[in-house]
Amino acid sequence: MTAPPPPPPPPPGDVYVALGTEPFWRLTINQQEMVFTEANAPGVQIMQPTPRVIIGIAGEIYETPRIGINIVHARCSDGMSDRVYPDKVQVRIDNRQFNGCGGEPMAPTAIENTGWSVVSVNGKPAQGGESYSVQFQNGRLSARFGCNSMAGSYHLDGLTLTAGALAMTRMACPDMTMEADAAKILSLPVQLKWDPSNRLTLSNSAGVIVLRRNY
């Protein structure tokens, strides 16, 4: 008698993450285990081995004695920010019910009127402060990557942001490598990717800019 095949992997990605508010909670699913934590019970984790996934009409279902999960592939807002996720997630922990969102955060439906600190350009850390910042306001992108400022129009189409011709100041500074690299990146359409820590990555063939949201 042959052994049954291994259970299918969790939803796309090595680790699937779901989050919720009121109360704040976090759920992770990998191929070995599912782990649930709640902010008002620090240090307490509910863990169960990852069971065979059930493929439902709208998404995936996981059932264990202590954790039940229903993932519905429908856009979901966390209710506390403008981040949007690809999945709605319903979680049962023992006899308690939790609702939240899951999957990789999607690009915002609107990036207008947001401000960001520059974390890095092509892996080189920024020094912080107002000299390393990006804003999107009134249909325009304005940014500084150390020395000079640059500004121009921008257009967001789904996950692709395209900046218009960027006007730059002409101050001479000791090291202008970061702003030169950033200007090259922004001269081409960039792909947007959010992560759960409120960071935004702008990337294309010219390189990668990582931002952290301020407002």
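Tutor: Buried means under 20% relative accessible area, exposed over 50%, and partly exposed in between, with a 1.4 Å probe and protein chains only. This is a predicted model, in which local features need pLDDT of at least 70, side-chain atom pairs count only at pLDDT 80 or more, and totals for chains, interfaces and linings use all residues. Residues are numbered from 1 along each chain as its sequence is written, and side-chain values use heavy atoms, leaving out hydrogens and water.

Student: Is asparagine 122 buried, exposed or partly exposed?

Tutor: Asparagine 122 has a relative accessible area of 38%, so it counts as partly exposed. Its phi is near 50°, a positive value in a residue other than glycine.

Student: What is a nonpolar core?

Tutor: A nonpolar core is a set of buried Ala, Val, Leu, Ile, Met, Phe, Trp, Tyr and Cys residues joined through side-chain atoms within 4.5 Å. In soluble globular proteins, nonpolar side chains tend to be buried together. Here the largest core has 26 residues, and Val134, Phe145 and Ile209 have the most contacts inside it. Apart from this core lies another, of 17 residues, including Tyr16 and Trp25.

Student: Which residues does isoleucine 209 touch?

Tutor: With contact meaning heavy atoms within 4.5 Å, and not counting residues up to four places away in sequence, isoleucine 209 touches Ser120, Val121, Phe145, Ala182, Ile185, Leu186, Leu200, Thr201 and Leu202.
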